[in-house]
Amino acid sequence: MSTEFFGDIKAITYEGPDSDNPLAFHHYDPERVLLGKRMEDHLRFSVAWWHSFAWEGTDPFGGPTFQRPWHPQDTLQNARLKADIAFQMFDILGQPFFCWHDADIRPEGADFAESYRNFQAIIDHIQGLMSSRKARLLWGTANMFSHRRWMAGAATNPDPDVFAYAMATVKTCMDATHRLHGQNYVLWGGREGYETLLNTDMAQELDHMGRFLSMVVDYKHKIGFQGTILLEPKPQEPTKHQYDFDAATCFGFLQKYGLEGEVKLNLEQGHAFLAGHSFEHEIATAAALGVLGSIDMNRNDTQSGWDTDQFPNAVPEVALAYYHILRAGGFTTGGTNFDAKLRRQSLDPEDLIAAHVGAMDVCARALKAAVAMIEDATLQEALEARYQGWQSAEAQALLAGNLEDSFARVMAGEIAPQPRSGRQERLENLVNRFV
Ligand code: XUL
Ligand code: CO
């Protein structure tokens, strides 16, 4: 059964922009060198286990639409089959990374100990698959939001027993990530927030969340995990309000608990959108604050207001995201994860391949545009020209000065600002030449 799932779909290859083969890369050419680095190493694509293999096609109004050979997902045998087929897809796509939540890869047991045994068995299996295959682990994470025990949060749960259960759960997921040589460990606090302030002690919950994250960092050092710990901001959904609202909020939280040098961010395009930001805003904010880690490259529907997790398809938007990533020096341990799912009518295995091929091509095309903008340098020059005034010694002295000195000079008419154009339209026109 497993060998037949993707039928006769062969490994996808680069055929160039003129090819009319829908199952070929038109822009993603992993070996092509841009700015001194292979495209594969710039983009560092990753497939998300949960959406591609664990999600069954449900929505708030309807049950599963997908019928996969590894359903139902409640046995170890089916979990192994799911892993085998996942690696077949990784072989077809040739992307370098994948990632998982514990709950995506193993069946839930009757109790913690059984879930743990299931998890260990599947990690053994994945380790075996990895020994002869290309795909590596970008990150592991714990699903501490689906099961009813997490309904009031994990680290921010009012019940200390749940806090302890979360500690135990994250330990197992960090151990597994370490064992599989994961490049990062992610924490997305889907239920770390509140439904109503009427029953919530926010100060206490934030302190618990800070303490929890400190323990995660301590454990990382204790086991010698070399990867990066990443927080994933999202303003709301599933809870009414999530504490990791956006990049700036996360940075303030990290600073309060002294973790800004230890933890970085995994930014998701759709989450930026929910927070009322553009994706490049979140990337530029994280870069400015020194906490840019990794990205989840999936978009929301611009009208529905939900986190629809669609594969990316707007090159201009994605190009600006990569422009800011490149300006920040590119990824180190991070990458481009498709935290994206098919539409629930996309039933065929080929849809799964086509979705990823298209998304990889959109990102590759956007990367090429971003590289071209950097090589052209007009944008950078315009930016530098705008701040040119700060090059003088006199301007630098302002930063070391005081309010009274400037008052005296402005009062004496020595300083009289002359407003200048921000040239926004000209810069937008310039970007349009590249995308
Ligand atoms: C949810 C989301 C998660 C995280 C990992 O919106 O993005 O899938 O990426 O827990
Ligand atoms: Co995500």
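Trainee: Which residues surround ligand 1?
Mentor: Ligand 1 has Trp50, His101, Trp139, Trp188, Glu232, Lys234, Glu268, His271, Asp296, Asp307 and Asp339 around it, each with a heavy atom within 4 Å. This is a predicted model: local features need pLDDT of at least 70, side-chain atom pairs need 80 or more, and totals for chains, interfaces and linings use all residues. Residues count from 1 along each chain as written, chains are lettered from A and ligands numbered from 1 in written order, and side-chain values use heavy atoms, without hydrogens and water.

Trainee: Which side chain has a polar atom 3.1 Å from an oxygen of ligand 1?
Mentor: That is aspartate 296. Histidine 101 has a polar side-chain atom 2.7 Å from a ligand oxygen. For aspartate 339, a side-chain N or O atom is also 2.7 Å from an oxygen of ligand 1.

Trainee: New topic. How much space lies in the second largest pocket?
Mentor: About 680 Å³. A pocket here is an open set of points on a 1 Å grid where a 1.4 Å probe fits, with protein on both sides within 12 Å along at least five of seven lines; lining residues have an atom within 4 Å of a point.

Trainee: Which lining residues are closest to its centre?
Mentor: Leu379, Leu383, Gly422, Gln424 and Leu427, out of 22.

Trainee: And which element gives the largest share of that lining?
Mentor: α13, with six residues. Domain 1 (33-376) and domain 2 (381-434) each supply at least three lining residues.

Terms used
A polar contact is a pair of N or O atoms within 3.5 Å; within protein, one must be able to donate a hydrogen and the other to accept it, and residues adjacent in sequence count only if both atoms are side-chain atoms. Grid points are joined across faces, edges and corners, and a volume is the space filled by probe spheres set on the points. Helices (H or I, at least four residues) and strands (E, at least two) are DSSP runs, numbered from the N terminus. Domain bounds come from an automatic or database domain assignment.
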